[in-house]
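Below are some brief notes on the fold, for you to read alongside the coordinates.

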Amino acid sequence: DLVKLYAERERKEGFTYSEDTVWQQEFEEMFPFEETEDQELAIEATKQDMESKKIMDRLICGDVGYGKTEVAIRAAFKAVDNGKQVAYLVPTTILAQQHYITFAQRFDDYRITVRMMSRFCTAKEQKETIEGLKNGTVDVVIGTHRLLSKDMQYKNLGLLVIDEEQRFGVTHKEKIKTMKKDVDVLSLSATPIPRTLHMSLIGIRDMSVLEEPPHDRRANQTYV
């Protein structure tokens, strides 16, 4: 089924995004940290995928704190700048909350509407988000597998970002596949599962690897 899906995506032509606008350049210059060389290469490769006719399917592989999210943020900005909507799928409510705060802060100056969908949201908030996605007033939605529910409809979905794809179960993956039909997909993972890695290595999916730690980054230390 997966091979069939990728073959179908390969045959279709995707949306061709425009080259970086002044807004994109200004947005990227406001990034408070210095990009690593790997990060710049991954961002450039992602943008080239989006500007080409093919439907993007790129895996960004890198350790925790190596800047995978920033690659996704810039791709999301490019998508919204071209009038598309973005769905950012995460495995846990805590991660949804963290990413929502990051995206809302970064996009605040650009009147980009970011909403969250998880069990942390009230029924009223969820209803408003669903309506906003349908009528196009919500640009970016960040959420857990709640995004895979039947009541979720998008006016013009252009980019699907899957964070920690390996943590979604088989039933979720089936639903993700139906969403994937003709939208650009960016998967982020510190520990890709063998199948995902295998598909990247044999060329079904493209892969960017972030091996260089950000400047002054300290090693993770865990205490019990």
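1. Arg 115 has Val 141 of β4 as its opposite residue. The strands concerned, β3 and β4 (residues 140–143), run parallel and are joined by four bridges. Please keep in mind that the model is predicted.

2. This pair belongs to an open sheet of seven strands, ordered β3-β4-β2-β5-β6-β1-β7, and the pairing is parallel. At the edges are β3 (114–117) and β7 (206–210), each of which pairs on one side only. On average, neighbouring strands in the sheet are turned by 15 degrees against each other, with direction ignored.

3. Helix α6 (residues 123–135) lies across β2 (85–89), β3 and β4, and its direction makes an angle of about 125 degrees with β3. Helix α3 (residues 37–51) lies across β1 (57–62), β6 (184–189) and β7, running at about 160 degrees to β7.

4. How do α3 and α4 cross? Their axes come within 10 Å, at an angle of roughly 30 degrees. Angles under 35 degrees count as roughly parallel, so α3 is roughly parallel to α4. The crossing in which α3 passes α4 is right-handed.

5. The contact between these two helices involves Gln 39, Ala 42, Ile 43, Thr 46, Lys 47, Met 50 and Glu 51 on the α3 side. On the α4 side, the residues met are Glu 70, Val 71, Arg 74, Ala 75, Lys 78 and Ala 79.

6. The largest nonpolar core has 35 residues, of which Phe 103, Phe 107, Val 140 and Leu 186 touch the most other members. Two or more residues each come from α3, α4 (68–81), β2, α5 (93–107), β3, β4, β5 (157–163) and β6. The most are given by α4, with eight residues. In soluble globular proteins, nonpolar side chains tend to be buried together.

7. Which residues does Leu 186 touch, leaving aside those up to four places away in sequence? They are Thr 46, Met 56, Arg 58, Ile 60, Val 71, Ala 72, Ala 75, Leu 159, Leu 160, Val 161 and Ile 162. Among these, Thr 46 of α3 and both Val 71 and Ala 75 of α4 also take part in the contact between the two helices.

8. Another core, of 19 residues, lies apart from the largest one. Its members include Leu 147, Met 152, Phe 168 and Ile 176.

Technical notes
Residues numbered from 1 in each chain as written. Predicted model: local features only at pLDDT ≥ 70, side-chain atom pairs only at ≥ 80, totals over all residues. Heavy atoms only, no water. Pairing = 2+ DSSP bridges. Axes fitted to C-alpha atoms, helices over the stretch in contact; angles between N-to-C directions. Contact = heavy atoms within 4.5 Å. Core = buried A, V, L, I, M, F, W, Y, C linked by side-chain atoms within 4.5 Å. Buried < 20%, exposed > 50% of the residue type's maximum accessible area, 1.4 Å probe, protein only. Parallel < 35°, antiparallel > 145°, perpendicular 65-115°, else oblique. Left-handed = near helix turned anticlockwise from the far one by under 90°.
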